[in-house]
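Visitor: I've got a model open on my screen and would like to learn how to read it. Could you walk me through it?

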Amino acid sequence: MKILFVEPPKNFWFVMGEYLPPPYGIIQLAAFLENRNKEVEIEVLDCNAQQVDWQGLEKHIASSNPDIVASSSLSTCNTYAVVRTLETAKKVNPDILTVTGGQHFTATAEDSLRAYYEIDVIVRGEGEETLAELVASRDKKATFSQIKGISFRHQGKVVHNPQRLLIENLENLPFPGYHLVKDIVHKYHFAAMAGRDAPYALVEGSRGCPCECTFCTQWRHWQGKWRLKSPKRIADEIEFCYRNFGSRFVWLTDDNFGAGSRANDLAEEIIKRGITQDVTWFVQSRCDDIVRNKEALPKLRKSGLNWVLLGVENSEPSTLQTFKKGIRPQDAQEAVKLLKENDIFAHAMFIIGERKDTAQSIARLREFANQLDPDFALFAVLTPFPGTQVFEEAQRNGWIEDDNWSHYDMIHATMPTETLSLKQVQEELYKCYRSFYGSWKRRFQGVFSSNELKRRIFLHMAKRGIIAQLRELF
Ligand code: B12
Ligand code: SF4
């Protein structure tokens with residue numbers, strides 16, 4: 001029995017410039033399977049790192065001759081890349097069992113199985129146990145009816161087996177399976193964030209989130225539960241990546257780093273390892289948690305945390321309320337100030353295009369962003385990702401004007417607001433970038449900043465012509 005995991009050729013998120021991320025979801029699944037199912041032969045093909053195009057993929061599948069091909073989309077915008085991967089597998093050999101999973105396919109299991117005949121099975125939610133059982137059943141040629149957590153077609157109908165319970169303790173999972181991509185692991189990098197030569201690793205500190213923001217897929221995908229690895233275990237994994245794979249830049253996959261003693265304890269654990277000279281790390285956080293955690297910031301900085309992405313989202317209290325974000329604009333101001341005081345790069349994420357947004361409210365957001373003055377600002381368009389409350393409301397009301405999944409990247413507008421057409425929302429996004437990065441004063445300060453990260457990001461925005469690329473979208 002052989003399973004081939006494929007990270008398909010993907011378009012990268014151009015606003016973040018040049019980067020090559022490790023396909024964390026599939027190497028994690030592969031490592032679990034390797035432990036669980038010793039007799040299964042496992043291969044991971046990362047088309048982006050190995051520079052394999054669609055023709056190359058077909059040849060690779062033919063020569064690899066797998067029984068199962070498994071692929072993951074990461075986000076909705078990569079749906080067609082996954083479908084094409086599985087279609088390619090079926091073209092090579094119609095007997096190959098094609099499997100996918102992840103946030104998008106979990107939320108759209110019924111529609112995806114109806115629309116894409118090249119997908120045999122969708123693993124919903126957490127993948128490890130379910131995939132291991134699926135692989136074992138394929139070996140025994142047993143039916144799928146007993147496998148919790150999968151959806152598949154049977155006699156022309158789509159069948160959804162009952163949901164699987166989540167793994168109780170995430171620390172029972174193996175360490176990230178970077179050994180399965182060991183020949184290419186040195187290629188993973190995030191140029192704008194850490195430079196071209198700093199090997200980049202993802203490390204998972206938690207799954208899920210206790211909050212319920214209306215635009216976010218995270219909390220439902222993990223059944224509303226928030227499971228955390230201990231600070232010791234996270235530091236162990238970071239050290240493992242550093243010592244075995246030369247990782248120098250670590251991105252914690254947690255969408256919500258969280259508050260409380262965890263931050264402080266993690267910083268202490270990392271410092272104990274004696275690797276802070278070489279390793280920097282990054283995390284995404286809520287603004288209010290940064291404020292609550294302010295005492296931990298100096299230690300976090302000392303432990304190598306040099307970049308935090310803050311979910312600022314919006315400047316209007318009413319929009320923050322509609323998003324059920326549970327923060328106030330003051331929290332963002334305080335959080336940016338605190339990060340800067342602690343020499344941690346403050347990266348703010350804003351969302352425009354909420355239904356009630358007008359040209360005036362977005363102008364106010366631009367003004368707010370300029371005054372907030374984070375080191376780096378990313379503006380995104382509210383995107384109705386399947387599985388979110390935003391999607392459900394938009395679909396119910398017929399607001400979605402673009403159902404091309406490849407546009408679901410938070411850069412393409414897919415919904416108008418009450419007062420702005422789709423094209424106008426797209427133009428507003430461009431205006432946000434122009435307003436923030438077009439300012440000569442800010443550009444000058446950025447390019448000549450004493451902060452290396454800031455210099456790099458401003459050069460990246462200029463060199464990559466990000467603003468010009470956004471202009472081309474309308
Ligand atoms: C790191 C990251 C990135 C990295 C890239 C990482 C990569 N490998 O390519 C960067 C920064 C580049 C990035 C970019 C984007 N990202 Co991103 N990213 C993440 C993040 C933080 C971690 C991903 C991860 O490794 N998770 C851990 C693994 C273990 O979880 P998993 O992939 O879900 O896999 C598990 C299950 O879902 C399931 N599973 C998944 N796939 C499969 C496949 C099979 C066969 C099986 C059996 C099971 C299975 O099993 C796994 C183990 O249980 C997630 C949030 C999160 N915490 O997951 C967002 C997230 C995936 N990103 C998201 C988005 C929107 C984007 C962007 C569009 C824009 C943006 N704002 O960043 C771009 C798109 C880029 C592109 N074109 O691909 C959304 C996706 C929502 C959606 N439905 O589309 C997420 C969920 C964040 C969020 N809360 O909204 N991202
Ligand atoms: S946006 Fe952040 S805080 Fe809100 S639900 Fe998603 S991960 Fe949690």
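Visitor: How far does a backbone N or O atom of glycine 127 lie from an oxygen atom of ligand 1?

Guide: Some ground rules come before that: this is a predicted model, where local features need pLDDT of at least 70 and side-chain atom pairs count only at pLDDT 80 or more, while totals for chains, interfaces and linings use all residues. Residues are numbered from 1 along each chain as its sequence is written, chains are lettered from A and ligands numbered from 1 in the order in which they are written, and side-chain values use heavy atoms, with hydrogens and water left out. A polar contact is a pair of N or O atoms within 3.5 Å. For glycine 127, the distance from its backbone N or O atom to the ligand 1 oxygen is 2.9 Å. Glutamate 128 has a side-chain N or O atom 2.8 Å from an oxygen atom of ligand 1, and a polar side-chain atom of histidine 221 sits 2.9 Å from a ligand 1 oxygen.

Visitor: Which elements give two or more residues to the shell around ligand 1?

Guide: Elements are DSSP runs numbered from the N terminus: helices (H or I, at least four residues) and strands (E, at least two). Here they are α1 (24-36), β4 (68-72), β5 (97-101), α6 (128-140) and α8 (218-221).

Visitor: How many residues surround ligand 1?

Guide: A residue is near a molecule if one of its heavy atoms lies within 4 Å of it. For ligand 1 that gives 43 residues, and the closest are Asn11, Ser72, Thr76, Glu128 and Asp255. For classes, Ala, Val, Leu, Ile, Met, Phe, Trp, Tyr, Cys and Pro count as nonpolar, Asp, Glu, Lys and Arg as charged, and the others, Gly among them, as polar. The ligand 1 shell has 19 nonpolar, 18 polar and 6 charged residues.

Visitor: Which residues are around ligand 2?

Guide: You'll find Cys209, Cys211, Cys213, Phe215, Cys216, Trp219, Asp255, Arg286 and Lys325 there. By class, that's 6 nonpolar, no polar and 3 charged.

Visitor: Now the sheets. What is the strand order in the open sheet of 7 strands?

Guide: Strands of a sheet pair through backbone hydrogen bonds, either parallel or antiparallel. Two strands count as paired if DSSP finds at least two bridges between them. In this sheet the order is β3-β1-β4-β5-β6-β7-β8, and the pairing is mixed. At the edges are β3 (41-46) and β8 (157-160), each with a single partner strand, so one side of each has no neighbour in the sheet. Inside it, β6 (residues 121-123) pairs with β7 (residues 150-154) in the antiparallel sense over 3 bridges, and valine 121 stands opposite phenylalanine 152 in β7.

Visitor: What about the open sheet of 6 strands: what order does it have?

Guide: That one runs β10-β13-β14-β15-β16-β17, with parallel pairing. Its edges are β10 (200-203) and β17 (376-381); each has a single partner strand, so one side of each is left without a neighbour in the sheet. Take β13 (residues 249-252) and β14 (residues 280-285): they pair in the parallel sense over 3 bridges. Phenylalanine 249 has threonine 280 in β14 as its bridge partner.

How values were computed
Polar contact = N/O pair within 3.5 Å; in protein donor to acceptor, adjacent residues only side chain to side chain.
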